[in-house]
Structure formats: structure tokens, C-alpha cells
Amino acid sequence: MFTVFGHGIGFVIEKQAVYPVPGERDPRYDVTPSPRVFGEDVEGGFAGGPATVLNGAFAWLDDKVAS
């Protein structure tokens, strides 16, 4: 649960730096070549983190239960 919480806090801090004013991107972040790092799909970017963490936890639990 702490990992999901950490992702949420980190995501918000990052997005506040990239988009200090809603809808206006800080031009200092325009040099990033990867849209995955600071993409325009804020909601989609957020959802990917907890999904990855939870899928990993479920896979770990499945392995532990099957053993």
C-alpha cells in the first residue's frame, strides 16, 4: 500500500512541476524526448503506476499461494 501512496504523491509533485498552471506546460520540460515520461495524458499516466504495482503484488501472491 505504501508503494501506491508513494506513486500518488510523486505523480502529483511531478505534474505540478511540468504543468505549474493548468493546461500550460513549463517549457523547460519540452526537451524530454519520451512522451511516456511527461506525456499529455495525465489521467492515463497516473493509472498505469498503481496498475503495475497491483499486478506485481497479485503475481507475487499467486506464486506464494501456488507453492
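A salt bridge is taken here as a side-chain nitrogen of Lys or Arg lying within 4 Å of a carboxyl oxygen of Asp or Glu. The structure is a predicted model, in which local features need pLDDT of at least 70 and side-chain atom pairs count only at pLDDT 80 or more, while totals for chains, interfaces and linings use all residues. Residues are numbered from 1 along each chain as its sequence is written, and side-chain values use heavy atoms, with hydrogens and water left out.

The protein chain contains 2 helices and 0 strands, these being DSSP runs numbered from the N terminus (H or I over at least four residues for helices, E over at least two for strands). Buried residues, defined by a relative accessible area under 20%, as against over 50% for exposed and in between for partly exposed (1.4 Å probe, protein chains only), account for 15% of the 67 residues in the protein chain.

Helix 1 covers residues 2-18, and its 17 residues reach 24 Å from the first C-alpha to the last, close to the 24 Å expected at 1.5 Å a residue, where the expected span is 1.5 Å times one less than the number of residues. The buried residues of this helix are G8, F11, K15 and V18. Seen down the axis of helix 1, these buried residues fall within an arc of 105°, and they therefore line one face of the helix; the arc is that of the directions from the helix axis to the C-beta atoms. On the other side of helix 1, F2, F5, I13 and Q16 are exposed.

Side chains of opposite charge can pair when their charged atoms come close. By the rule given at the outset, the count comes to 2 salt bridges. One of them joins E14 to K15, with the closest N and O atoms 3.6 Å apart; E14 counts as partly exposed at 27% relative accessibility, whereas K15, at 11%, counts as buried.

A salt bridge also links the side chains of R28 and D26, at 2.6 Å from N to O. R28 counts as exposed because its relative accessibility is 65%, while D26 is buried, with a relative accessible area of 9%. D26 lies in the loop between helix 1 and helix 2, the latter formed by residues 42-66. When residues up to four places away in sequence are not counted, D26 touches A17, V18 and P20, contact meaning heavy atoms within 4.5 Å. Of these residues, V18 is also among the buried residues of helix 1.
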